[in-house]
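Me: I have a structure open and I'd like to learn how to read its features. Could you take me through them one at a time?

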Amino acid sequence: MTLHYKPFAPLVARIREDGKCLEGGILKVDSFINHQIDPTLLQSMSIEFVRRFANKEINKILTIEASGIAPAIMVGFLLNVPVVFAKKKKPSTMDNMLVTEVFSFTKNKSYTVCCSKDFLGAGDKVLFIDDFLANGNAAKGIIDLVNQAGATLAGMGFIVEKSFQHGGDYLRDQGYQVESLAIIDSLDNCTITLRSNQR
Ligand code: 5GP
């Protein structure tokens, strides 16, 4: 499938300026996304997500705790729809849950992800928002939860996609609208190679 990709320039500039490369193909963006958050950049990225999914009917934003919550809230605020974050541990106070397993690439272990049926159900038209798309395991978990709920996945928006881990290929081949604001083609030799345009 042809990927129509347009990098979001303010994010690309910020990754060039402040992104750090860790061993094992991990990009560290702690100074503006994952630990300290730049709300102005977050706002502009969220406006861009809204623009890119303007063709879709959306009544709910879904993410996974914790790092997806900030961008998801901003998109939900702009669209005036509720934001649900799937939890990584089943709370003892909750039954009536949808449950799935997700393998974490950064932590190298599987964890349970769950969401109350009260907040995700048939008829929901869901936009999934997350910080990173790598192998696509979190996204696959979300697809599973959405399917279990009988809801519809309208699309998936990621701040950063690492194309060399191929989650994006899988999701686009499945027919999902996947929008990434920056695509990184390689982190080899700890050099951040950002994709510049459509190819
Ligand atoms: P995936 O499930 O697509 O393999 O990985 C996505 C999840 O792993 C994201 O939710 C993100 O939290 C984490 N992740 C994957 N790659 C990176 C990375 O290079 N940097 C950071 N900070 N998180 C990552």
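Me: Leaving aside neighbours within four places in sequence, which residues is Thr-100 in contact with?

Reply: Contact here means heavy atoms within 4.5 Å. By that rule, Thr-100 is in contact with Tyr-111, Thr-112, Val-113, Gly-141, Asp-144, Leu-145 and Gln-148, once its neighbours within four places in sequence are left aside. Keep in mind that this is a predicted model, where local features need pLDDT of at least 70 and side-chain atom pairs count only at pLDDT 80 or more, while totals for chains, interfaces and linings use all residues. Residues are numbered from 1 along each chain as its sequence is written, and side-chain values use heavy atoms, with hydrogens and water left out.

Me: What does the side chain of Thr-100 make a polar contact with?

Reply: A polar contact is a pair of N or O atoms within 3.5 Å; within protein, one must be able to donate a hydrogen and the other to accept it, and residues adjacent in sequence count only if both atoms are side-chain atoms. For Thr-100, the partner is the side chain of Asp-144, at 2.6 Å.

Me: Which residues touch the most other members in the largest nonpolar core?

Reply: In soluble globular proteins, nonpolar side chains tend to be buried together. A nonpolar core is a set of buried Ala, Val, Leu, Ile, Met, Phe, Trp, Tyr and Cys residues joined through side-chain atoms within 4.5 Å. The largest one here has 34 residues, and Leu-11, Ile-15, Leu-27, Met-45 and Ile-61 touch the most other members. Helix H1 (9-18), helix H2 (30-34), H3, H4, E7, E8 and strand E9 (178-186) each supply at least two residues of this core. Take Leu-11: leaving aside neighbours within four places in sequence, its contacts are Phe-32, Ile-33, Leu-41, Met-45, Ile-159, Leu-181 and Ala-182. There's also a second, separate core of 25 residues, including Leu-133, Ala-139, Ile-143 and Leu-171.

Me: How many salt bridges does the structure hold?

Reply: A salt bridge is a side-chain nitrogen of Lys or Arg within 4 Å of a carboxyl oxygen of Asp or Glu. The structure holds 10 of them. In one, between Glu-48 and Arg-52, the closest N and O atoms are 2.8 Å apart. These two are 4 residues apart in helix H3, so about one helical turn separates them. Glu-48, Arg-51, Arg-52 and Glu-179 are linked in a network of salt bridges.

Me: Which parts of the chain does the pair of Lys-60 and Asp-124 link?

Reply: Their closest N and O atoms are 3.2 Å apart. The pair links distant parts: Lys-60 is in strand E3, and Asp-124 is in the loop between strand E6 (109-116) and E7, 64 residues apart. Lys-60 is buried at 11%, and Asp-124 is buried at 10%.

Me: Last one: how many disulfides are there?

Reply: A disulfide is a covalent bond between the sulfur atoms of two cysteines. The cut-off used is a pair of cysteine sulfur atoms within 2.5 Å. A search of the whole structure finds 0. For Cys-21, the closest cysteine sulfur is in Cys-190, 3.5 Å away, so it is too far for a bond. Cys-114 is in no disulfide either, with the nearest cysteine sulfur, that of Cys-115, 7.7 Å away.

Terms used:
Buried < 20%, exposed > 50% of the residue type's maximum accessible area, 1.4 Å probe, protein only.
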